[in-house]
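These are my notebook entries on one structure. I looked up single items and wrote down what I found.

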Amino acid sequence: MNEDEGPLIEDRTVGSTLQVTEACPVLAGRFFVFEGIDGSGKSTVSRLFADRLRSTGREVELTAEPTSTWLGDQVRRGNREAKSDFTETFLYIADRAEHTAQISKWTSEGRIVVCDRYVGSTLAYQGVTLRPHLGPGTLEWLKRVNEPVIIRPDATFLLRIDPSKAMARLEDRKGREKFEKVNFLKKVAALYDRLAEEDPSYIVVDAERPLDDVLGTVWSMVNKE
Ligand code: TMP
C-alpha cells in the first residue's frame, strides 16, 4: 500500500455528504471520531468542532484516547518506558474497553460524543508496530481483538496531511513522542488510507488547508439543520 490516494479516497474527500447525519439532523446521541497522524491538527479541530456544536445548544462530550483516566495514564507510562509492542497494544485496548462503556452511556443519554482518536488509531499505529511480529494478517488480528470493546462511530473524520508537513508542524513541540518520526508516520498514514478505503464511515478531509477551512468542511458535513 503506498501513500498515494486512490480514487475512492479522492471521491470522498472534502465536499462529500454524510448520509447518516442527513437522515438524523438533530445529532443527539451521535458519535464522531477524529483520526490522523501526529501533527494533523485533529486535537484542535475536534475541540473547535465540539465548541461549535455546543454553541448551537447541543450537549456535547469531548473526549480522547489515550483517556485521562488511570488506564490512560498506564498507556502513557507504557509508552514512556518503551514496553513491548504487544504490551502497548493491549494497554490501548484496555483503555478503550472502559472508554467505550463511557461513550455508550453518553450517547444513550442523548449527548453528542466527539472523540480525538479511537479504534482507528490502534489499527493504523499498532498495524505498523505489530506488523514485524504478525505479518500480513496484522490488521485483521487487530480488528478481531478490538471488535468486542468498540462501538461503531457514526463518522470517523480522517484528517489527511503529508507526514513531512505534519512533522514540520510538530517541530517546536516539547517532549516529542517516539512515534513522531516521519518514516513511521508515512506507514501509519498509508494504513489510515487503507482503512478509509475499506470503511464507508470514514470521511477523508484535506488537513493541509487552513484550520478554518478544515473546520468548515467538517461542520458542513454534519450540520444539516
Ligand atoms: P495524541 O498525541 O493524539 O494524544 O496520541 C498519543 C500517541 O498515541 C500518538 O502518537 C498515537 C498513539 N496511539 C496509538 O499508537 N494507538 C492508539 O490506539 C492510540 C489511541 C494512540
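Entry: a charge over a ring. I looked up Arg96 and found that it lies over the face of Tyr118, at 5.7 Å from the ring centre. I count a charge as over a ring if NZ of Lys or CZ of Arg is within 6 Å of the ring centre and within 35 degrees of the ring normal.

Entry: what I am looking at. This is a predicted model, in which local features need pLDDT of at least 70 and side-chain atom pairs count only at pLDDT 80 or more, while totals for chains, interfaces and linings use all residues. Residues are numbered from 1 along each chain as its sequence is written, and side-chain values use heavy atoms, with hydrogens and water left out.

Entry: the ligand. Which residues are closest to the ligand? I noted that twelve residues surround it, and that the closest are Asp38, Arg96, Arg117, Thr122 and Gln126. A residue is near a molecule or strand if one of its heavy atoms lies within 4 Å of it.

I then looked up polar contacts, meaning pairs of N or O atoms within 3.5 Å; within protein, one atom must be able to donate a hydrogen and the other to accept it, and residues adjacent in sequence count only if both atoms are side-chain atoms. For Asp38, a side-chain N or O atom is 2.8 Å from an oxygen atom of the ligand. For Arg117, the distance from a side-chain N or O atom to a ligand oxygen is 2.7 Å. For Thr122, I wrote down 2.5 Å between a side-chain N or O atom and an oxygen atom of the ligand.

Next I checked how much of the ligand is covered. Taken alone it exposes 480 Å², and the protein buries 89% of that. Accessible areas come from the Shrake-Rupley method with a 1.4 Å probe; for residues, only the protein chains shown count as cover.

Entry: where the shell comes from. Helix 5 (85-108) and helix 6 (119-129) are the elements that give two or more residues to the shell around the ligand. Helix 6 gives the largest share, four residues. Helices (H or I, at least four residues) and strands (E, at least two) are DSSP runs, numbered from the N terminus. By class, I listed three nonpolar, three polar and six charged residues in the shell. Ala, Val, Leu, Ile, Met, Phe, Trp, Tyr, Cys and Pro count as nonpolar, Asp, Glu, Lys and Arg as charged, and the others, Gly among them, as polar.

Entry: Arg117 again. I looked up its backbone and found a positive phi of about 80 degrees, although Arg117 is not a glycine. Its place is in the loop between strand 3 (112-116) and helix 6. Is Arg117 buried or exposed? Arg117 counts as buried because its relative accessibility is 12%, given that buried means under 20% relative accessible area, exposed over 50% and partly exposed in between (1.4 Å probe, protein chains only).

Entry: another positive phi. Ala82 is also not a glycine, and its phi is near 50 degrees. I placed Ala82 in the loop between helix 4 and helix 5. Ala82 is exposed, with a relative accessible area of 52%.

Entry: a cis bond. The peptide bond from Glu65 to Pro66 is cis, with omega near -5 degrees. Pro66 is found in the loop between strand 2 (60-64) and helix 4 (70-80).

Entry: aromatic pairs. How many aromatic pairs does the structure hold? I noted eleven. Rings of Phe, Tyr and Trp (its six-membered ring) pair if their centres lie within 6.5 Å; planes under 30 degrees apart count as stacked, over 60 as edge-to-face and the rest as tilted.

One of the pairs is Phe34 with Phe49, edge-to-face, at 5.5 Å centre to centre and 65 degrees between the planes. Phe34 lies in strand 1 (residues 31-35) and Phe49 in helix 3 (residues 42-55), so this pair ties together parts that are 15 residues apart in sequence. Phe34 counts as buried, at 0% relative accessibility, and Phe49 counts as buried at 0% too.

Phe49 also pairs edge-to-face with Phe157, at 6.4 Å centre to centre and 65 degrees between the planes. Since Phe157 lies in strand 4 (residues 155-160) and Phe49 in helix 3, the pair ties together parts that are 108 residues apart in sequence. Ring pairs link Phe32, Phe34, Phe49, Phe157 and Trp219 into a cluster.
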